[in-house]
Amino acid sequence: MKRFVFSVFVLMVFVALVAAGPAWSKEPIKIGGIFSLTGYLSWLGEYKKKAAELKVEMINQAGGVNGQQLVLISYDDNSSPEQASKVAQRLISKDQVVAMAGTASVPLSGAVASMANRYKIPTIINSGYAVDTSKDPYLFNTSHKTDFAVITAYKVFQKKGIKKLALLMPIGPLGEIGGTAARKYAAEYGVTIVGEEKFDVKAADVTAQLAKIRNMNPQAIFAFVTGEPAALIGRNMDQLSFKVPLLVSHGNANPGFLKLVSNVRTQMLVPSGKVMKPEALPDSDPTKKVIVEFNKKHIAKYKEPANYFSAELADAIDLIAEGLRTSGTTDPVKLRDAIENIKGFVGMQGIYTFTPKDHHGTRPDDMILLTVKAGKWEVPK
Amino acid sequence: MNALKRYWWLILLAAIAVYPVIGKPSPYRSGLLIFAGIYIILAVGLDLLMGYTGQISVGHAAFFAVGAYTSGILTAKYGFSPAAAMGVGVVFSATLAFLTGRPVLALKEYYLAMATLAFNEIVVTLIIGFEGLTGGASGLRDIPPFTIFGFSLLNHLHYYYFVWTVVVLVIASSIAVVRSPFGRALIAIHSDEQAARSFGVDCAKYKTRAYMLAAVYASIAGSLFAHYMGFIAPDDFGILTSINLLVMLFLGGIGTIFGPALGALFLKLLPEITYQFQDYELLINGIILIVVLVFFPRGLFGIFTALRNKIVPRMGK
Amino acid sequence: MSDISHLVQFLFSGITVGSVYALIAVSLVIVYKVSQLICFAQGEFFVFGALTMTTLVSKGVPVPLAFFLSIIIAMALGALIQQVLIRPMKNTSVGALIVMTIAISLALRGLALLIWGRESHVLPPFSRGEPIQVLGAALQLQILWIVGITTVVLFLIWFFFEKTPAGIAMRACAENPYGASLMGINTQKTTLVAWAWGSGIGALAGMAVAPMLFTQYTSGIMPMVKGFIAMSIGGLGSIVGSVIAGLLLGLVESYTIGLISSKFSDTIVFALLMAVLVFRPNGLFSRS
């Protein structure tokens, strides 16, 4: 009998909750987040997740979008394409999100892209994945194009008279993309590629490759890698007293990298968004205000400044919100069209203007080249 | 009540068939079961090789990769129909297994484990190396959904039925193989190779055939995987995947066909519960495995049969 | 830089990596000799050693003290795992035991994630100073440490197994566990000691190489695989064989990268490995 009374009570509470639910407020708008929180990419997933959460919070505090609050539902992709594909599906069909953001590498983006296009959910990735709008109509990318990073560096090379560049590329997606971009723009900026070596990102030592590269007499080395291997190359160059600058990927523009290269003497060149050096921007730069404001909140909440990964995600959420505002609906297909029509939107990564052919939206001028001096980011003179 | 004991698998079959009608799963739910089904095919094939023939392999994902990439490349780049590409993958995998089988399977235990692991790494590094053909480490994109006679299986329920039909066929054929004279020869090799040889069993031939069969199943699983994902990258075919398959076998109960299938299902669905533990997920997964291995040495299937034997006689009274 | 300096640079690079492979292989062999089991969690001891020492050093513990403390912690951990998790599984198949060690490695990796987080950690070199120039190639001081530690460890192992009663008992156990137990040797205790040794040496490998690498919770997977390879080339049960094989593996890798192709170096290494296994099924150094 007791059990029966209890069951009836539970049932009543349940009914009351269900009935009261819709009366509270309008349903929040769900946005999906896919982040690498475990596995080999887990060191950067956390930065992205934090920034996305902060941006959602900021938008909600300002009254939300179209009178509705945003809610971020995020999952871990284990740094595995299979898992990324699974969580994308979970977000789309179980949580019924209107849009997705995240993913940290080219294969992960590829796996999520396949689901986003299949189920027609606008998705803003941030990795080296080049969005081909004819095949990926639902995909946008807030990471700067690899081409832009290369152009930004080549412009500085031109100024400094660096003409001979050697490539030391990781075996993997980044190496493939970096090598292609480096060759594509070499002639335009008077750079000659004197040779290319490959290395395994899990390797403990790349001095063998560096010894070969030294024979090519380059004035700089370009290694399109992120994190540990980038620092390892720098350290191995120290050991060989091989004193040329080392250009690495824009994924290194974060505080973790400063720690990794804390006792490396090789000059590291890191293409970056402007987020890493707001104080070096002129006040006339419209992105400065956005960066400074987000940075302040980021420091207040997480006790550390925003970095390149934070900016990618903050912009991704912002662009989704902007699309929701201009389209006035939560229909994913209309939302996609609205995002594609965004013009001159000021974000942290630059000023976005999307077209049916360009889903990256940013320009080479939205990037700067940084170097590390005494544990701090500096703009090379 | 003996009927229940004998025909319990019919209930299972019915459950598989009826689930989408009653459960009305979202594409996500059926997606989970599709992935689980694909891994069941892999695990059951590996069970024939490891559980019955006693030949360890730490490189089974190599054939998974061969199937996936053959299907992916032929359909995305050369316009093959998915069924034809799957066929080519099967032939290719079987040939590869035939060529490598004899020398590799002459090895024993840890040496065999090592050689199969090396084989797995070779396949993966070749996929990464020949990026022009395979898309390299960035992955291969634009793989179309599966079609049968022009009928697209893009709908998740259609693909669920397709994959699970293959699962049932694989399990049924595996049971048939195990009960055939060929299967008995395999078991004989497992228990004592020398004795089997003295009875005139050509061990190398039988081992190679078991290897080829396992490779064919893995290749089919690979094709199913590629068409469902629409995108494949080498990350999913490394030795970690092979090691995961080993875990599925022992977790479920090796050498029982149904055990490894159960292990695959369990391991693929476990993260759905443990993902919410976030940072603790890895540790908890490890502990769950340890607990099963320590307390249930015959695996999950051992628990299942024990329960069945307990319940059925009681019901018979 | 001349061609000779190239070859010397590849030699240094090969010895560095090879010593690590050799140490891991030795740690695997010691456990294997006593219990006929390859412990797939050995890579995790590598990580625990490196990260424990990094933490201790960053907390201001002097390097030598941190060094020995980390080894002792790893040894205790290994012994604990053997006692609590491996010992109760005495009567199960080798396959199940291997999977058990895989499960242990998962749990340890999860534990490392909780303790040290996701980021990579850097351990300062054991001694500061410029690399030494040898024939135009640069030799890092840490490489001398690695080689020195490897040598000392090998000597200690030799001394232990050849000269001490406990070591001789362990060898007896490895050769004939039943006979050894009849002789009154406590097989249970020797297995425990072997695990402690194995875990300690695994951790030592991680610590020695930590200043040249960046260590995080997943860093143990690759060294484990390479150590396993070295061990099988060396013939599973042979300490000397696995040391030579480990060094050889490092050198082959380094010279393949330097002289043939960096893109397919892993393909070549693994293909060579398969060839060795097929043509010398009992290891490269077996007499038969």
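**Entry 1: the sheet in chain A**

I began with strand β8 (residues 220–222) of chain A, which pairs in the parallel sense with strand β9 (residues 246–247) of chain A over 2 bridges. Two strands count as paired if DSSP finds at least two bridges between them, and the elements themselves are DSSP runs numbered from the N terminus, with helices (H or I) of at least four residues and strands (E) of at least two. I noted that strands of a sheet pair through backbone hydrogen bonds, either parallel or antiparallel. Looking up A:Ile221, I found that its bridge partner in β9(A) is A:Leu246.

Before going on I wrote down that this is a predicted model, in which local features need pLDDT of at least 70 and side-chain atom pairs count only at pLDDT 80 or more, while totals for chains, interfaces and linings use all residues. Residues are numbered from 1 along each chain as its sequence is written, and chains are lettered from A and ligands numbered from 1 in the order in which they are written.

I then followed the whole open sheet of chain A, in which 7 strands stand in the order β7-β6-β8-β9-β10-β13-β14 with mixed pairing. At its edges are β7 (192–199) and β14 (376–378) of chain A, each with a single partner strand, so one side of each has no neighbour in the sheet. Helix α7 (residues 207–214) of chain A lies across β6 (164–170), β7 and β8 of chain A and runs at about 165° to β7(A); such angles run from 0 to 180 degrees between N-to-C directions, with axes fitted as lines to C-alpha atoms, for helices over the stretch in contact.

**Entry 2: two domains in chain A**

Chain A is divided into domain 1 (29–145 + 287–363) and domain 2 (146–279 + 368–378), with bounds from an automatic or database domain assignment. The C-alpha centres of these two domains of chain A lie 27 Å apart. Where they meet, 21 residues of domain 1 of chain A are in contact with 19 residues of domain 2 of chain A, contact meaning that the C-beta atoms, placed from the backbone, lie within 7 Å. On the side of domain 1 of chain A that touches domain 2 of chain A, α10(A) gives the most, with 5 residues.

**Entry 3: A:Thr142**

Why does A:Thr142 count as buried? It has 28 C-beta neighbours inside 10 Å, and a residue is buried if 20 or more other C-beta atoms lie within 10 Å of its own, exposed if 12 or fewer, and partly exposed in between. A:Thr142 lies in the loop between β5 (139–141) and α5 (146–160) of chain A. Leaving out residues up to four places away in sequence, A:Thr142 touches residues including A:Ile124, A:Asn126 and A:Glu312. A:Thr142 and A:Gly102 are 40 residues apart in sequence, and their C-alpha atoms are 9.7 Å apart.

**Entry 4: chain C**

Chain C has 11 helices and 2 strands, and from the N terminus on its elements run α-α-α-α-β-β-α-α-α-α-α-α-α. The C-alpha trace of chain C spans about 65 × 50 × 35 Å along its principal axes. Buried residues make up 57% of its 288 residues.

Definitions and conventions. Two residues are in contact if their C-beta atoms, placed from the backbone, lie within 7 Å.
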